[in-house]
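The sequence and structure come first.

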Amino acid sequence: MNQPPGFPAFVLTEIVEIYTDGACRGNPGPGGWGALLIAGTHRKTMYGGEPDTTNNRMEMMAAIEALNALKGAREIVLYTDSKYVMDGINDWMPNWKKRGWKTAAKKPVKNKDLWIKLDEAIARHQIRWKWVRGHTGVPGNEEADALANRGIDELR
């Protein structure tokens, strides 16, 4: 059975909680993404960065990378502080796909490349999306934010 690194086989039946966040210094500018994955008592942290990006792209990358780190179909609760990601998943993406990745105004969807990757990543899993207000002391969100900033710091 395939499993993510650092997650023993016995936790594969547990719900995985994922906290994601993106950060950007300048928008556009250097950006980072971070994710915290929790399954029972097991935790995995992930982060990365790009030298020239936007906050929205980093928010999306955090979710994509976290979901792609999991092997096999999983039940997930994914926490994000990004209204952009939440609105995209819940409201915009179904219509974009129907229109061939065009907006209601028939314009190309911004960040289409990442929306397609996110769509592919979520297809394997059963996900409950939860929005949390950022920078309000939610421990998982605060850790994801610190990881996203680490992604920027380690670009240098």
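Arg-25 counts as partly exposed because its relative accessibility is 34%; buried means under 20% relative accessible area, exposed over 50%, and partly exposed in between (1.4 Å probe, protein chains only). The model is predicted, so local features need pLDDT of at least 70 and side-chain atom pairs count only at pLDDT 80 or more, while totals for chains, interfaces and linings use all residues. Residues are numbered from 1 along each chain as its sequence is written, and side-chain values use heavy atoms, with hydrogens and water left out.

**Salt bridges**

Side chains of opposite charge can pair when their charged atoms come close. Six salt bridges are found in the whole structure; the term means a side-chain nitrogen of Lys or Arg within 4 Å of a carboxyl oxygen of Asp or Glu. The table gives three of them.

| Pair | N to O distance |
|---|---|
| Asp-153 and Arg-25 | 2.8 Å |
| Arg-43 and Glu-143 | 2.4 Å |
| Glu-75 and Arg-128 | 3.6 Å |

Glu-75 lies in strand S4 and Arg-128 in strand S5, 53 residues apart. Helices (H or I, at least four residues) and strands (E, at least two) are DSSP runs, numbered from the N terminus. Glu-75 is partly exposed at 34% relative accessible area, and Arg-128 is partly exposed at 40%.

**The nonpolar core**

The largest nonpolar core has 34 residues, and Ile-18, Leu-67, Trp-115, Leu-118 and Trp-129 touch the most other members. Such a core is a set of buried Ala, Val, Leu, Ile, Met, Phe, Trp, Tyr and Cys residues joined through side-chain atoms within 4.5 Å. Elements giving two or more residues to this core include helix H1 (55-69), helix H2 (83-98) and helix H3 (112-123). H1 supplies the largest share, nine residues.

Beyond its neighbours within four places in sequence, Trp-115 is in contact with residues including Met-60, Trp-101 and Val-109; contact means heavy atoms within 4.5 Å.

**Two packed helices**

H2 and H3 pack at an angle of about 95 degrees, with axes 11 Å apart. Axes are lines fitted to C-alpha atoms, for helices over the stretch in contact, and angles run from 0 to 180 degrees between N-to-C directions. The two helices, H2 and H3, are therefore roughly perpendicular to each other, a label for angles of 65 to 115 degrees. Among the residues making the contact are Tyr-84, Ile-89 and Trp-96 of H2 and Trp-115, Leu-118 and Ile-122 of H3.

How values were computed: Parallel < 35°, antiparallel > 145°, perpendicular 65-115°, else oblique.
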